[in-house]
Amino acid sequence: MSVSVIGVDQLDLAAVELAEGRLVAIPTETVYGLGADASSGAAVKGIFAAKGRPDNHPLIVHVHDSQAVEAIAESLSDSFYRLAEAFWPGPLTVIVRRRLVANDDRPVVAPETVGGRPTIAVRVPDHPVTLDLLARFAEVGSGLIAAPSANRFGSISPTTAAHVVDDELPGLGLVVDGGPCRVGVESTIVDLTGPKPELLRPGGISTVELEAVIGPVADGRLGDARASGMLESHYAPNTSVELVEAVEEDDLASVLTAEAKIGVVAPFACRHEPHWEMPTDAGEYAARLYSVLRSADLAGVERIVVVPPRSGSLLDAVLDRLTKAAA
Ligand code: TXA
Ligand code: MG
């Protein structure tokens, strides 16, 4: 299938494609998403098929605003409203209870979207193009876009429209180009369905920021693999990745042996070639990370040595992705 890349001037076409059950890749502030109508089981099946993703891995539903969540969710808590007010639109996903039966004529999320669970993951993305698309899609369809990252299962998330095209996802005919993603790592996921809020995946909003709004957030990552990002060896390039702590190139002497052709990704300058010099701040590092891992993957090296960023509020999220890339 050949892929068309369209711009903001063709969002009506994208809204009609979604309403007719077809796949559309969408820009967000975190990574590009592979979108389909979340109210249609048939439409979301196309997402699982295109990604090669197991169909029990639930998808995030993207909506225009928190009112749209009220139509598809039940028993929304005070914490939900506080988080929505503080961080939406933005890189935060919350898990809430799913409304199983529609009230009025408003569509609800299809069971296929959430692998049959009684809960749903929802977020309002902070991207003007996709917010505009969501508003148009609400006029001609459900206005609910289910979207995982628009890459093949287990590989690196796309942060440009060109990355999406490169992944050649079967069944995808349309990519909306909204430019490079500002945040560059996926949204933070917080589960609000238990007795206490739990962090399932660190991401674009830090735990410190969350706790300032709703108080203590427990680390839910030690439990089962509820979020697919919790599985080991996720977000991985084809080339093997080795994570090394270092402050300067000399610290890498023992790993940069002559036997193997190695690429270095590090927050300092290097004489070694090839290398990609990264920012020291985790937020700026995150914005470039996936794109650099893709380039390093294509550079024909046998191994990629990655030195993490030094500081910044997105340090947790970056370390999480790097650890998984190295697993
Ligand atoms: O930034 C992002 O979140 C991007 C953009 C496109 O929005 N999306 C994204 O989707 O990263 P994906 O499918 O790669 O990750 C969604 C995560 C998965 O780990 C999934 O297991 C978890 O959300 N998830 C979805 N629904 C859930 C639910 N009901 N309960 C627990 N986890 C859920
Ligand atoms: Mg993903």
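Modeller: The largest cavity holds about 50 Å³ of space. This is a predicted model, in which local features need pLDDT of at least 70, side-chain atom pairs count only at pLDDT 80 or more, and totals for chains, interfaces and linings use all residues. Residues are numbered from 1 along each chain as its sequence is written, and side-chain values use heavy atoms, without hydrogens and water.

Colleague: What makes a space a cavity?

Modeller: On a 1 Å grid over the protein atoms alone, a cavity is a set of points where a 1.4 Å probe fits but cannot get out. A search of the whole structure finds one cavity of 30 Å³ or more.

Colleague: Why is Glu211 called partly exposed?

Modeller: Buried means under 20% relative accessible area and exposed over 50%, with partly exposed in between (1.4 Å probe, protein chains only). Glu211 has a relative accessible area of 33%, so Glu211 is partly exposed.

Colleague: Why are the buried residues of α1 said to be on the same side?

Modeller: The buried residues of helix α1 (residues 11-19) are Leu11, Ala14, Ala15, Glu17 and Leu18. They cover an arc of only 160 degrees around the axis, and therefore lie on the same side of α1. The arc is that of the directions from the helix axis to the C-beta atoms.

Technical notes:
Chains are lettered from A and ligands numbered from 1 in the order in which they are written. Helices (H or I, at least four residues) and strands (E, at least two) are DSSP runs, numbered from the N terminus. On a 1 Å grid over the protein atoms alone, a cavity is a set of points where a 1.4 Å probe fits but cannot get out, and a pocket is an open set with protein on both sides within 12 Å along at least five of seven lines; lining residues have an atom within 4 Å of a point. Grid points are joined across faces, edges and corners, and a volume is the space filled by probe spheres set on the points.
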